[in-house]
Amino acid sequence: MDGKFLQRTLFVILVLSCSVSSLFAGDNLHISNEFSLTHNEVSGPGKASSSLTEGLRYMNVLGVSGYGQVQGFDYSFNIGGKATDDLRNDVKQLSLTNFQFRASDRINTLNLGDTFESFSQYSLSTSLKGVSYRFYDESANTPDITIVTGLVYPRWDNVWRDHETKTIERQAVGGRI
């Protein structure tokens, strides 16, 4: 995928997040943005060993999160992106840093995107780009059932197999009763 497609996708996700959140009264939407502009000039005998990128560089980190309730379901979402022209900050000029959506009605819980289910210290001790579902009805004394599946990737760029952030494809499936 090229940078323009990802840029458009991030923009659409941001607009949809704002639109969906504003539809429901009493919901919360939080937008944070951090922009930095740096200019570096390196000289002297240690110039070749410098870790600074010379010239004018920028980095922008955008985060959108929200939560609320609709038709008996509590929901929350968290979306983040980064844009930079400094390879020391990120190998990609534009990247999706995090995406997570969660909905729950106190018995059923669905989590999409960045998913972390902690079964024990010995199993599934990493986050997935995937989905998890949990069923637990405390009032009916039912067993706690959780299933999860996804890709074990450190970055969202890996999901669409970006050649600049290539990694080994690993899939995970798990469950707990």
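A residue is called exposed when its relative accessible area is over 50%, buried when that area is under 20%, and partly exposed in between. The model discussed here is predicted.

Most residues other than glycine have a negative phi. Q71 has a positive phi, near 50°, and sits in the loop between β2 (55-70) and β3 (73-84). Its relative accessibility is 77%, so Q71 counts as exposed. R106 also has a positive phi, near 80°, and belongs to the loop between β4 (94-104) and β5 (108-115). With a relative accessible area of 64%, R106 is exposed because that value lies over the 50% cut-off.

Side chains of opposite charge can pair when their charged atoms come close.

K47 and E54 form a salt bridge with an N to O distance of 3.6 Å. K47 is partly exposed at 42% relative accessibility, and E54 is partly exposed at 36%.

R57 pairs with D85, their closest N and O atoms being 4.0 Å apart.

D90 and K82 meet in a salt bridge of 3.5 Å, N to O. Both residues, D90 and K82, are buried. Through salt bridges with shared partners, K82, D90, R155 and D157 are joined into one network.

Note on methods
Residues are numbered from 1 along each chain as its sequence is written. This is a predicted model: local features need pLDDT of at least 70, side-chain atom pairs count only at pLDDT 80 or more; totals for chains, interfaces and linings use all residues. Side-chain values use heavy atoms; hydrogens and water are left out. Helices (H or I, at least four residues) and strands (E, at least two) are DSSP runs, numbered from the N terminus. Buried means under 20% relative accessible area, exposed over 50%, partly exposed in between (1.4 Å probe, protein chains only). A salt bridge is a side-chain nitrogen of Lys or Arg within 4 Å of a carboxyl oxygen of Asp or Glu.
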